[in-house]
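Keep the sequence and the model open while reading.

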Amino acid sequence: MSFNLKSETVRFSPIVELRQYTLHPGRRDELIDLFDMNFVESQEETGMKIIGQFRDLNRPDHFVWLRGFETMEHRREALAAFYGGSVWAAHKHAANATMIDSDDVLLLRPAWKDAGFDLENAQRGEAENAIFLAEIFHLSQEQEGVFADLWKQTVLPLYGKHGAKLIGAFVSEHSENTFPRLPVRANENVFVAFSRFNDQQSVSDYMQALDEFPSLKTHFSKPSERLVLSPTTRSLL
């Protein structure tokens with residue numbers, strides 16, 4: 001799961017949803033148990049990939065997860081199959097009862113060739129003790145096309161200094177939402193980096209070092225989001 005990988009590495013996925021749910025207080029583990037037991041294989045049977053499920057370590061009532069698709073048309077077909085199917089029908093009321101908001105969704109695509117997730121040999125639960133960081137950089141429309149190169153020059157070297165690995169980098173997918181029943185954050189221009197750290201202290205040290213590059217912030221349209229994440233027992237990532 002490193003940055004420089006062989007060209008034949010299988011990458012997931014051309015289209016990725018980053019989903020952040022705000023839950024009723026104290027009900028996150030209830031949703032995670034329900035999700036991990038019922039919503040992994042049942043979604044993947046439609047052809048999508050359930051990439052990762054996480055607890056947000058800084059927000060106890062937030063659940064974060066990722067799923068991937070081959071194309072936007074495939075996304076439409078897969079979501080229609082799942083949300084019109086028997087598993088969702090059986091468990092949707094229990095799942096929805098845990099949620100305050102489920103509409104915080106970014107639609108993404110890899111920022112460059114081979115920037116998608118390498119999950120070829122991943123096993124669910126093997127990274128349960130790892131710490132992941134998702135950084136969401138909000139950009140002006142003018143900066144969206146050039147920021148990835150700037151980020152690689154400025155930020156990527158910090159990962160090695162703090163024992164971290166880049167595992168995926170994405171930008172906004174601007175295609176029309178092919179499944180409008182599930183809203184996404186439209187008109188967003190973001191660069192999103194996913195990285196894996198050894199512990200929370202390493203994350204803190206890295207973020208402190210990143211804040212020492214104030215010139216980077218001149219490219220942002222609003223403050224960045226930083227999600228410090230712990231995978232669930234059935235997360236693939």
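Which residues of helix 3 are buried? The model is predicted, and the answer below comes from its coordinates.

## Helix 3: the buried side

Seven names answer the question. Met72, His74, Arg75, Ala78, Leu79, Phe82 and Tyr83 are the buried residues of helix 3. They span an arc of only 140 degrees around the axis, so they sit on the same side of helix 3.

Helix 3 runs over residues 72–83 and holds 12 residues. From its first C-alpha to its last it reaches 16 Å, close to the 16 Å expected at 1.5 Å a residue. Several elements cover its buried residues. Among them are strand 2 (15–23), strand 4 (62–69) and strand 5 (99–110). Helix 2 (41–44) and helix 4 (86–96) are also included in that cover.

Glu73 has 39% and counts as partly exposed. Arg76 is partly exposed too, at 34% relative accessibility.

## Helix 5

Helix 5 covers residues 147–154. Its buried residues include Phe147, Ala148, Trp151 and Thr154. Their arc around the axis is only 140 degrees, which puts them on the same side of helix 5.

## Salt bridges across the chain

How many salt bridges does a search of the whole structure find? The search finds 17. One of them joins Arg55 to Asp29, with the closest N and O atoms 3.0 Å apart. This pair links distant parts of the chain. Arg55 is in strand 3 (residues 49–56), Asp29 is in helix 1 (residues 28–38), and they are 26 residues apart. Arg55 counts as partly exposed at 23% relative accessibility. Asp29 is partly exposed as well, at 42%.

Arg124 forms a salt bridge with Glu44, and here the closest N and O atoms are 2.7 Å apart. Arg124 lies in the loop between strand 6 (117–118) and strand 7, while Glu44 lies in helix 2, so the pair ties together parts that are 80 residues apart in sequence. Both ends are partly exposed: Arg124 has 23% relative accessibility, and Glu44 has a relative accessible area of 24%.

Glu225 lies in strand 10. Which side chains does the side chain of Glu225 meet in polar contacts? One is the side chain of His138, at 2.8 Å. Another is the side chain of Arg185, at 3.0 Å.

Leaving aside residues up to four places away in sequence, Glu225 touches Gln20, Ala134, Glu135, Ile136, His138 and Arg185. Glu225 and Arg185 also belong to a network of salt bridges. Asp104, Glu188 and Lys222 are linked in that network with them.

Technical notes
Residues numbered from 1 in each chain as written. Predicted model: local features only at pLDDT ≥ 70, side-chain atom pairs only at ≥ 80, totals over all residues. Heavy atoms only, no water. Buried < 20%, exposed > 50% of the residue type's maximum accessible area, 1.4 Å probe, protein only. Helix = DSSP H or I, 4+ residues; strand = E, 2+ residues; numbered from the N terminus. Arc of directions from axis to C-beta. Expected span 1.5 Å × (residues − 1). Contact = heavy atoms within 4.5 Å. Polar contact = N/O pair within 3.5 Å; in protein donor to acceptor, adjacent residues only side chain to side chain. Salt bridge = Lys/Arg side-chain N within 4 Å of Asp/Glu carboxyl O.
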